[in-house]
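Subject: Structure handover

Hello,

Here is the structure for your files. My notes on what turned up follow below.

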Amino acid sequence: QVHVVQSGGGLVQAGGSLRLSCAASGRTSRIYDMGWFRQAPGKEREFVAVITWGGGYTSYADSVKGRFTISRNNAEVTVYLQMNSLKPEDTAVYYCALRSTPTVPYDFGGQGTQVTVSS
């Protein structure tokens, strides 16, 4: 079992920046990748970014490419999401998730973090 604790987020004006963190604990040796998803009011949860724990390979949603950067700290078993040039449409609850293999669903253990971008 892996537990995650999210931090960061908040309220920022359009064009501003925020950084989210997700710290994992427990059986972290079984992490294949960790990622971020978000859910805006009235919308379905959507993929934002993911990073593999071994090779550090990253993938982003088209809507955030060039603005968001996902990174990891292996020693602290923490994944970060640096969000720059934020837009009002980035407003959502952001969730950290992880998988133990690439063939299983993501485990959304994070409590969610509100990100609000004002225009």
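A definition before the findings: buried means under 20% relative accessible area, exposed means over 50%, and partly exposed is in between (1.4 Å probe, protein chains only).

The model is predicted: local features need pLDDT of at least 70, side-chain atom pairs count only at pLDDT 80 or more, and totals for chains, interfaces and linings use all residues. Residues are numbered from 1 along each chain as its sequence is written, and side-chain values use heavy atoms, with hydrogens and water left out.

Aromatic rings

The whole structure has three aromatic pairs. The criterion: rings of Phe, Tyr and Trp (its six-membered ring) with centres within 6.5 Å; planes under 30 degrees apart are stacked, over 60 edge-to-face, the rest tilted.

F37 and Y106 pair edge-to-face, at 5.0 Å centre to centre and 65 degrees between the planes. F37 is in strand β4 (residues 33-39) and Y106 is in the loop between β9 (92-99) and β10 (113-118), so this pair ties together parts 69 residues apart in sequence. Strands here are DSSP runs (E, at least two residues), numbered from the N terminus. Both F37 and Y106 are buried.

F37 also pairs edge-to-face with F108: 5.0 Å between centres, 70 degrees between planes. F108 sits in the loop between β9 and β10, so its pair with F37 in β4 ties together parts 71 residues apart in sequence.

How accessible are the two partners? F37 has a relative accessible area of 10%, so it is buried. F108 has 27%, so it counts as partly exposed.

Ring pairs link F37, F47, Y106 and F108 into a cluster.

Disulfide

There is one disulfide (a pair of cysteine sulfur atoms within 2.5 Å). It joins C22 to C96, with S to S at 2.0 Å. The torsion about the S-S bond is about -80 degrees, so the disulfide is left-handed. C22 lies in strand β3 (residues 18-26) and C96 in strand β9, so the bond ties together parts 74 residues apart in sequence. C22 is buried, at 0% relative accessible area. C96 is also buried, at 0%.

Best regards

How values were computed
Helices (H or I, at least four residues) and strands (E, at least two) are DSSP runs, numbered from the N terminus.
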